[in-house]
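Dear colleague,

Please read them with the model open beside you.

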Amino acid sequence: MSCNRLNALISMLPEEVDGAIITSTVNRHYLTGLRSSAGVVLVTRQQCYALLDFRYIEVARRTIQNCEVILQEKLDEQLPELVKKHGLRRLALETTYQTIGEMNRYQKLLPEVELLTDDRMDKAILRLRSIKDQEELGHIRDAQAITDKAFGEMLGVIKAGMTERQVAAELEYRMKKNGADDLAFHTICVAGPNSSLPHGVPGDRPIQEGDFLTMDFGAASAGYCSDMTRTVAIGRVTEEMEQVYQLVLKAQLASIAKIAPGVPCFDVDAASRDLIYGAGYEGCFGHGTGHSLGLEIHEEPRFSTTAKKDVVCQPGIVMSVEPGVYLPGRFGCRIEDIVLVTEDGCEVLTHSPKELIVL
């Protein structure tokens, strides 16, 4: 698995590049299969090395099969020795993930090496990560199953009088109880006038009769993320709330129906946006229709108005589909599933109900 990823990365490096220094948590995990908070992976065309400290060395030696595992004791000595051993002259850096301070450190550490600070390697890794293999898809399916189960349990828990913060805490507890390694991101749980905030923070406002309650949440399994949003009503809905909900659902289903290999991501966004704007809500849907996800909750590509026409759906990509309508100071509504682009269309990985639920 990881060996194939490293080989693929090496094959994508420009001819004039001798290797790469990988320091980000997410890309170390992707390339080695080991989750760790620190460490350096040196990729060369002849050999790959994982330098890890004492906290991870035992599990690394048991699990990493694609790199030579080295106990990191004095990186300032060990890394130059490996670079000298292989005669490396040009190394690529992760410019998206590394700070200027880190870049300066490696430049001082390796004064004879040219460090490339363009985005070619970042783009190469992101292209690899965008297409999920079967193992990755299994982890995402597991994460989404946990998320779906937590939502189902919450339908018997949510009631008027609970605060947004209490609902979020109950939801997170159920994801952990049902097997989540972690949360995929900070839970969004907003009700009533706060539901018009797409990324509102749960607060101490009690949920009231007549509120929309929007919950955007996700579990992580083996480091892989899920992501879903459901908007439910508390006690009753107005005619306008019902109309907005059905419009958002219609828009979401239109975008899902559009997804297939070769379809521009811009067009998937337009399928939702045209319906919402055409219904008189232009300016009330200001974010993209979706994003890829995997080891990170937001990856590339994205369904958005800024997506280039040559950015298209490809089999193996997992995307969110999450249109919404937000009426400032009044209420908002968003519905989100994640989908897998298949060879002939897409598979919806989210299995929670989407009809309007009044609790």
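Strand β5 (residues 90-92) is joined to β6 by three bridges, and the two strands run parallel; within this pairing, A92 stands opposite L116 in β6. Strands here, like helices, are DSSP runs numbered from the N terminus (E over at least two residues for strands, H or I over at least four for helices), and two strands count as paired if DSSP finds at least two bridges between them.

The model is a predicted one, in which local features need pLDDT of at least 70 and side-chain atom pairs count only at pLDDT 80 or more, while totals for chains, interfaces and linings use all residues. Residues are numbered from 1 along each chain as its sequence is written, and side-chain values use heavy atoms, with hydrogens and water left out.

The pair belongs to an open sheet of six strands, ordered β4-β3-β2-β1-β5-β6, whose pairing is mixed. Its edge strands are β4 (68-71) and β6 (114-116), each of which pairs on one side only. On average, neighbouring strands of this sheet are turned by 25° against each other, direction ignored. Helix α4 (residues 75-85) lies across β1 (19-22), β2 (40-44), β3 (48-52), β4 and β5, and runs at about 175° to β3; axes are lines fitted to C-alpha atoms, for helices over the stretch in contact, and angles run from 0 to 180 degrees between N-to-C directions.

Turning to the helix pairs, the axes of α7 (residues 134-154) and α8 (residues 164-177) come within 9 Å and cross at roughly 135°. That makes α7 oblique to α8 (angles under 35 degrees count as roughly parallel, over 145 as roughly antiparallel, 65 to 115 as roughly perpendicular and the rest as oblique). The crossing of α7 and α8 is right-handed, a crossing being left-handed if the near helix is turned anticlockwise from the far one by less than a right angle, and right-handed if clockwise. In the contact (heavy atoms within 4.5 Å), I146, T147, A150, E153 and M154 of α7 meet V167, E170, L171, R174, M175 and K177 of α8. These residues divide into six nonpolar, one polar and four charged, where Ala, Val, Leu, Ile, Met, Phe, Trp, Tyr, Cys and Pro count as nonpolar, Asp, Glu, Lys and Arg as charged, and the others, Gly among them, as polar.

The whole structure contains 27 salt bridges, each defined as a side-chain nitrogen of Lys or Arg within 4 Å of a carboxyl oxygen of Asp or Glu. One of them joins the side chains of R174 and E153, at 3.5 Å from N to O; since R174 lies in α8 and E153 in α7, the pair ties together parts that are 21 residues apart in sequence.

Helices α9 (residues 239-258) and α10 (residues 265-281) have axes that come within 7 Å and cross at roughly 155°, which makes α9 roughly antiparallel to α10. Their crossing is right-handed, and the contact includes V244, L247 and A251 of α9 and V268, A271 and L275 of α10. By class, the contact of α9 with α10 has 10 nonpolar, three polar and four charged residues.

Finally, helix α2 (residues 25-32) packs against helix α6 (residues 120-130) at an angle of about 60°, with the axes 12 Å apart, and the two are therefore oblique to each other. Here the crossing is left-handed, and V26, N27 and Y30 in α2 meet I125, L128 and R129 in α6.
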